[in-house]
Every structure is written in C-alpha cells, then in structure tokens.
Amino acid sequence: MHADGAGLGKVQVRLKWDPSPYGEPARHLDIVAATYAAGDPYGRPQYVVHTESRSPDGTITMTRHSETGLGLGFVEVMELEFERLSSAYGRVVVGVAIHQNGGPRTFGDLTHAAVLVVEGYRRLMADDFAGVPEATAATIAEFVRDASGAWHLRELIRGFDSTPTGFMAEMGGERE
C-alpha cells in the first residue's frame, strides 16, 4: 500500500523460466488474470485475461509474451492498472499455467522459473514455485479492493493439477 493509504496503482506481474534443452519441445508458460465482481468475489470470473485475450477496458494487458522462455530476465509481463479498474470489480486473481504440449510438465520440471510482482520500482512479492513442484498451474496473488476502494495484494501460492483452460475456470474459487 502507498504511504498515503491509497492502495495499489499500476502493478506488473513478471515471469521467467529457462527454455527447454535442445531437441525437447518448448516450455510454454502463461500468466493468467481472472476478474471477479465486487458482489460475488468467489463466483464465476467476469472475464479472464491471458495472451489471447484482454480486459474489455484495457486495464489488464499483456505487455510481453514468450512461448519458449528464450530471452534475458523476465520474458512474460502482465500489467494491471488498479487505479482505472471499475468499481464493479472487487477481486483479481493472478496465476501461471504451464502448457502441456509435448507431455506433462510441472513446476518441478522447470529450471530457474520465477515470478515477481512490482509496483514501479517497489517489489511486492517474489516466488520460485518451489512450494508447488507437482503442480501444472498455480495462483500467485490475489488483489482485493477494501471498503475505501483501495486495492491490496495478498500472496496466494496454491498449486493446481490442471490444463490452462481448466485452471482459468477454477483458479479463483474459495480457499480451503
């Protein structure tokens, strides 16, 4: 939260992973964000943003995308503009899904995978997926709006055994 108590503004979720060894199918990961209604924060997502979609109002966008992990540093980036997000939404859940092309892959199969959440130069959270090695997808964070309208981050590392499509449908459900 900002020192003035205003909550989060523009946040980036950054993802990196090592490419597949030569001759193996490409390792392809995606950042996914699901937006939930203020009146039903654990219901069905109002919309989901990933590489092949965007938010209707342009407040959640993919600014970098990789299908291989090739490149220096963080190769996939999603930007969330909470200061512009409609008051109709009260919760946004962000996660990472591994495409299962070329056989099953889990976070334990990846090397140097990491996610970083920042607001400007301020690091909000970081994780290396070590806590979910058997998962094929994982939530990493949920952003919630408080009664004053300010957005706040809650770390939410939770593994799933899902395809990317299945993960999008279940990632924001009630916590156990």
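A compact globule of 176 residues would have a radius of gyration near 16 Å, and the chain agrees because its own value is 16 Å. That radius is taken over C-alpha atoms, and the globule rule is 2.2 Å times the number of residues to the power 0.38. This is a predicted model: local features need pLDDT of at least 70, side-chain atom pairs count only at pLDDT 80 or more, and totals for chains, interfaces and linings use all residues. Numbering starts from 1 along each chain as its sequence is written, and side-chain values use heavy atoms, with hydrogens and water left out.

**Overall picture**

| Property of the chain | Value |
|---|---|
| Box of C-alpha atoms along the principal axes | roughly 50 × 35 × 30 Å |
| Buried residues | 49% of the 176 residues |
| Accessible surface | about 8,500 Å² |
| Part of that surface on carbon and sulfur atoms | 50% |

Buried means under 20% relative accessible area, exposed over 50%, and partly exposed in between (1.4 Å probe, protein chains only). Areas come from the Shrake-Rupley method with a 1.4 Å probe; for residues, only the protein chains shown count as cover. A contact means heavy atoms within 4.5 Å. Of the contacts between residues at least 6 apart in sequence, 66% join residues at least 24 apart.

**Sheet and hairpin**

An open sheet of five strands has the order S3-S2-S6-S9-S10, with antiparallel pairing. S3 and S10 (151-160) are the edge strands, each pairing on one side only. From one strand to the next, the twist averages 20°. Axes here are lines fitted to C-alpha atoms, for helices over the stretch in contact, and angles run from 0 to 180 degrees between N-to-C directions. Two strands pair if DSSP finds at least two bridges between them.

S2 and S6 run antiparallel and share nine bridges. Ala34 has Val93 in S6 as its bridge partner. S7 and S8 (residues 122-127) are also antiparallel, over five bridges. Val117 is bridged to Met125 in S8. The S7 and S8 hairpin has two residues between its strands, and Gly120 there takes a positive phi near 65°.

**Cores**

A nonpolar core is a set of buried Ala, Val, Leu, Ile, Met, Phe, Trp, Tyr and Cys residues joined through side-chain atoms within 4.5 Å. The largest has 35 residues; Phe82, Val92, Val94, Phe107, Phe129 and Phe143 have the most contacts inside it. Elements giving two or more residues to this core include S1 (10-16), S2 (29-37), S6 (89-98) and S9 (137-145). S6 gives the most, with five residues. Beyond four places in sequence, Phe143 touches residues including Leu8, Phe82, Val92, Val94, Val117 and Trp151. Another core lies apart from the largest one; its eleven residues include Ala34, Ala97, Leu156 and Phe160.

**Gly172**

Where does Gly172 sit? Its place is in the segment after helix H1 (164-170). Gly172 counts as buried because its relative accessibility is 2%. Thr35 is 137 residues away in sequence, yet the C-alpha atoms of Gly172 and Thr35 are 8.7 Å apart. Neighbours within four places aside, Gly172 is in contact with Tyr36, Pro41, Tyr42, Arg91 and Val93.

Conventions:
Helices (H or I, at least four residues) and strands (E, at least two) are DSSP runs, numbered from the N terminus.
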